[in-house]
Amino acid sequence: MNVILAEGLSGLSGTVMALIASLALGVTSGLLGTYVVLRRESLFGDMLSHAVFPGVVGGFFVSGWMARMGWVESEKNPLVILSCALVAGVLGALVVTVLGYTTRLKQDARLGVVLSVFFAAGIAMFGFGQPAGVNGFLYGQTGAIDATDLVLVLGAAAIVVVSILIFHRPLLVVSFDDGFAHNLGYRVMGLTLMFSVLLTMAVVVAMQAVGVVLVSAMLITPAATAHLMTDRFPRMMMLSVLFTVGAGVIGTLISGTKEGLATGPVIALCATAIFVTAYLFAPRYGLVARFWHDRSQRKRIQRENILKDLYRVLEREGFPAEGASVSAFAAERRLDPGSAERELKMLEGAGDLIRGNGGEKLVLSEEGWGHASRVVRNHRLWELYLTNEAEYQADHVHDDAEIVEHLLGEEAIKRLEEELGFPETDPHGSPIPQPSSTPPQPTS
Amino acid sequence: MIALETHDLTVTYRKRPVLYGIDVAIPEGNLIGIVGPNGAGKSTLIKAVMGVVRSTGGWVKVFGKPVKQSLPRIGYVPQRESIDWEFPVTVMDVALMGTYGKLGPFRWVGEAQRRKAREALERVGMLPYAKRQIGNLSGGQQQRVFLARALAQDSDLYLMDEPFAGVDAATESAIVELLKDLRSKGKTVIVVHHDLQSAREYFDMLLLLNMRVVAFGPTAEVFTTELLQKTYGGRLTILSEMAEKAAREGIGKIHPKNEP
């Protein structure tokens, strides 16, 4: 069946085959990469890609020898080469595991040791025979993928997709909470082993596109990007696949435009470009979103603080209808006239403030009264709560209230009021206002 | 009937003995607290029962059968700090995991599972947060989510590793109510606990543990100054020193029984 499929595929042009390969590789690496990133095994993937290399070189030797014996037609039989690579990868994973059981070394040190020795062995072996075609595996060459390679890539993708479909729940639980995986009766060792084998397969096929050293570009970078974008597992998987496929396809197309431009680095750079974009612009965790969020929070708090102080000035003067003077406001805020003017401009801009008498008198708008009375109420309620319920000293409660006044929601306020028996004055004797769009009635 | 029985259960970690020859038989339908100082092996005991930590000797039976056969009847609540709170799962996702045990590999999660998960979340007051990612919760809320997952498992024996660690007072009393409710339904709940004062209040029976079983019995009988001093007043110094040394030097395993 393989042969039939390969013949059917060989009718396709090189570019189409490269694109189909990128697509299949993207699905494989994108799906598995999600687990790798969440399991904190990114370095493990990197180790695998290096450990696989001596297998590739060895595979070229074995394939050449088999061709001389007349067992296979081509000196570069991809099935033989990839099988050898798979064996080397699994061997690398095994050595890491055995070192874990028999030494005190932590995972990262074990990975470092195994990664370098396997890669070194591959390079050294390369020196002996210098088989042509190894370079494609070092730097990646989707353009060189032929119909037989493509069958293998598609086969690997099919195996990975089917395995994940069947085992998605066990894999999720094992990655999230392996103690609970035991509880559910999952075979944790078996699942881990299966995952390692799938991962090695993915690495072996991805290697043809991006080269051994840059497999992380397909396995880790897109999944890490997806993790920046979402808090949902299925969505993370979908995005991870999307980014891997995107990087693969765009990278393949770009590298095809210039002779001698290896595919691997271009794909890696594309994947990183997507990563940087997400890092900056991701909806919730992106730098820009966080910056705007922090900025608007700061602005809101500043506005509430200014309103609160203006409220205090007005309150002290018995809420005069003509409003408070700019100088009294500046004195309350402890500001020079220039800074006071800037803050007043800000309130005006927000629609909280109306200025009368040539700008000298400050009156709150309906919206301004609403905000100001709410924040003053929050502040005073919280002070009362701390003194009454938490038994703070009255002179210790102000600083806490300065923060909490901006955090209390209506629901928390309702609970506070109930708990405190709908109080009318705070611990310092000041009245606690009700939210209102008009000035409170003068009390005295 | 006996819910959990261990015989001569022994665990070593990196060649250091953590638990020696634990013999205990816990009767069904009780709230049991495991108490002891730091490093006494409380969590290890639970993990060894679950098979998360490999025991080096002895056996465990749950409802008279080897643990592997009884797993569907056990609900396990891990320590909160063992969880990666950045993991992209929601409160609902975690509660649903409780239903996975009775779901074959080829079946999708359906309405029956969702209903069960919702009920469990409702019982711990976390249903309003069902769509939240687990990292965006307070410590007490996080603990409740994991209790909901255990409830969704519909187990007969619950093993909980420090469910009261780092939770607020409201959550603590909610958890206590929940445990009592489970007991009233004939369930057995075994809880690793670090606070002696409340241990006396919460549990019917106490297992005093310090690398070996110091005492096990009804709280009123076991909660004595003498026994607590024995539990908390240092380890079996010479015994554990020798056991460690034997392991370090690679000369066989000293395997002390419960002291005479």
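Modeller: Let us begin with a pair of strands. In chain A, strand E2 (residues 353-356) and strand E3 (residues 361-364) run antiparallel and are joined by 4 bridges. Strands are DSSP runs of E with at least two residues, helices are runs of H or I with at least four, and both are numbered from the N terminus. Two strands pair if DSSP finds at least two bridges between them. This is a predicted model, in which local features need pLDDT of at least 70 and side-chain atom pairs count only at pLDDT 80 or more, whereas totals for chains, interfaces and linings use all residues. Residues are numbered from 1 along each chain as its sequence is written, chains are lettered from A and ligands numbered from 1 in the order in which they are written, and side-chain values use heavy atoms, with hydrogens and water left out.

Colleague: What lies between E2(A) and E3(A)?

Modeller: The two strands form a hairpin with 4 residues between them, and Asn357(A) in the turn has a positive phi of about 55 degrees. Within the pairing, Arg355(A) has Leu362(A) of E3(A) as its bridge partner.

Colleague: To which sheet do these strands belong, and in what order?

Modeller: In general, side chains of a regular strand alternate between the two faces of the sheet. Here the sheet is open, with 3 strands of chain A in the order E1-E3-E2 and antiparallel pairing. Strand E1 (324-325) and E2 of chain A are the edge strands, each pairing on one side only. E1(A) meets E3(A) over 2 bridges in the antiparallel sense, and Leu362(A) in E3(A) is the bridge partner of Ala324(A).

Colleague: Which residue forms a salt bridge with Arg355(A)?

Modeller: A salt bridge is a side-chain nitrogen of Lys or Arg within 4 Å of a carboxyl oxygen of Asp or Glu. Arg355(A) forms one with Glu341(A), the closest N and O atoms being 2.8 Å apart. This pair links distant parts of the chain, 14 residues apart: Glu341(A) is in helix H16 (residues 337-350) and Arg355(A) in strand E2, both of chain A. Over all chains, the structure holds 28 salt bridges.

Colleague: How much space lies in the second largest pocket, and which residues are closest to its centre?

Modeller: On a 1 Å grid over the protein atoms alone, a pocket is an open set of points with protein on both sides within 12 Å along at least five of seven lines, a cavity is a set where a 1.4 Å probe fits but cannot get out, and lining residues have an atom within 4 Å of a point. The volume, about 600 Å³ in this pocket, is the space filled by probe spheres set on the points, which are joined across faces, edges and corners. Among its 23 lining residues, those closest to the centre are His168(A), Leu172(A), Phe233(A), Pro234(A) and Tyr100(B). H7(A) gives the largest share of the lining, 6 residues.

Colleague: How many cavities of 30 Å³ or more does a search of the whole structure find?

Modeller: The search finds 1, and about 60 Å³ of space lies in the largest cavity. Its lining residues include Leu4(B), Val24(B), Ile46(B) and Leu207(B), and H1(B) gives the largest share, 3 residues. By class, the lining has 10 nonpolar residues, 1 polar and no charged. Here Ala, Val, Leu, Ile, Met, Phe, Trp, Tyr, Cys and Pro count as nonpolar, Asp, Glu, Lys and Arg as charged, and the others, Gly among them, as polar.
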